[in-house]
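The sequence and structure come first, followed by the text.

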Amino acid sequence: LFTVDLSNPKKPKIIGSLKIPGFSDYLHPYGEGKLLGIGMNVDEETMITDGVKLTMFDISDPSDVKEENTCVLKNVYSTDVSYDYKAALVDAGRNLIGFAGDTNGGQNYYIFKYDTSRGFISQMEEEINGNGSTGTRGVYIDETLYVVRGNIIEAYSLKHFKKVGDIIL
């Protein structure tokens, strides 16, 4: 991860960098001085990816960026977020991080919240039904999360993350 001073557009200057195992395919501002990364963890010995990795970077001091916390989902082998930024549901104000991930058994939808002292906290991990040529999307209205895949919409409570309904179109 590099931080760049763009105050002079003709002479951008790298002012900070951070080298960590793995990579982030998706980066999203997450409140004051935080940057969320979603990507893959890489085993440093074998150089093989071994799970989807969530990282919260502390970017409050651009010259000294830090990896504040990470979470590796060992049973998740890819995510739509890696190639389509619209597949991420990220709302720092509501403390929601959502995305679909591919597992051996199919595809699951994950919701996390972030706590500076405890790190990433899993709120929901649900198998996704339906299929289609487009990716899975999560969207919320008021206190209901809707997970849409193909012709199936599943609804979950954002208070207790339990399924409250579904519909097949």
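## Aromatic contacts

F99, Y110 and F112 form one aromatic cluster. The model is predicted: local features need pLDDT of at least 70, side-chain atom pairs count only at pLDDT 80 or more, and totals for chains, interfaces and linings use all residues. Residues are numbered from 1 along each chain as its sequence is written, and side-chain values use heavy atoms, with hydrogens and water left out.

Rings of Phe, Tyr and Trp (its six-membered ring) count as a pair if their centres lie within 6.5 Å; planes under 30 degrees apart are stacked, over 60 edge-to-face, and the rest tilted. The structure holds 3 aromatic pairs. One of them is F99 with F112, stacked at 6.2 Å centre to centre with 10 degrees between the planes. F99 belongs to strand 9 (residues 96–103) and F112 to strand 10 (residues 106–115), so the pair ties together parts 13 residues apart in sequence. Strands are DSSP runs of E, at least two residues, numbered from the N terminus. F99 and F112 are both buried; buried means under 20% relative accessible area, exposed over 50%, and partly exposed in between (1.4 Å probe, protein chains only).

## Salt bridges

A salt bridge is a side-chain nitrogen of Lys or Arg within 4 Å of a carboxyl oxygen of Asp or Glu. There are 8 salt bridges in the whole structure, and the table gives some of them.

| Salt bridge | Closest N and O atoms |
|---|---|
| K34 and E68 | 2.7 Å |
| E67 and K53 | 3.4 Å |
| R137 and D84 | 2.5 Å |

In the salt bridge of K34 with E68, K34 is in strand 4 (residues 34–42) and E68 in strand 6 (residues 66–73), 34 residues apart. K34 counts as buried at 16% relative accessibility, whereas E68 counts as partly exposed at 27%.

For the salt bridge between E67 and K53, E67 lies in strand 6 and K53 in strand 5 (residues 49–58), so parts 14 residues apart in sequence are tied together. K53 is buried, with a relative accessible area of 5%, while E67 is partly exposed at 30% relative accessibility.

E154, K163 and D166 are linked in a network of salt bridges.

## Nonpolar surface

F2, V4, L6 and I14 make a nonpolar surface patch of about 430 Å². Such a patch joins nonpolar side chains (Val, Leu, Ile, Met, Phe, Trp, Tyr) within 5 Å, from residues with over 30% relative accessible area and no salt bridge. Accessible areas come from the Shrake-Rupley method with a 1.4 Å probe. L6 sits in the loop between strand 1 (2–5) and strand 2 (13–17) and is exposed, with a relative accessible area of 57%.

Note on methods
Patches are made of residues with over 30% relative accessible area and no salt bridge: like charges are joined within 9 Å, nonpolar side chains (Val, Leu, Ile, Met, Phe, Trp, Tyr) within 5 Å. Helices (H or I, at least four residues) and strands (E, at least two) are DSSP runs, numbered from the N terminus.
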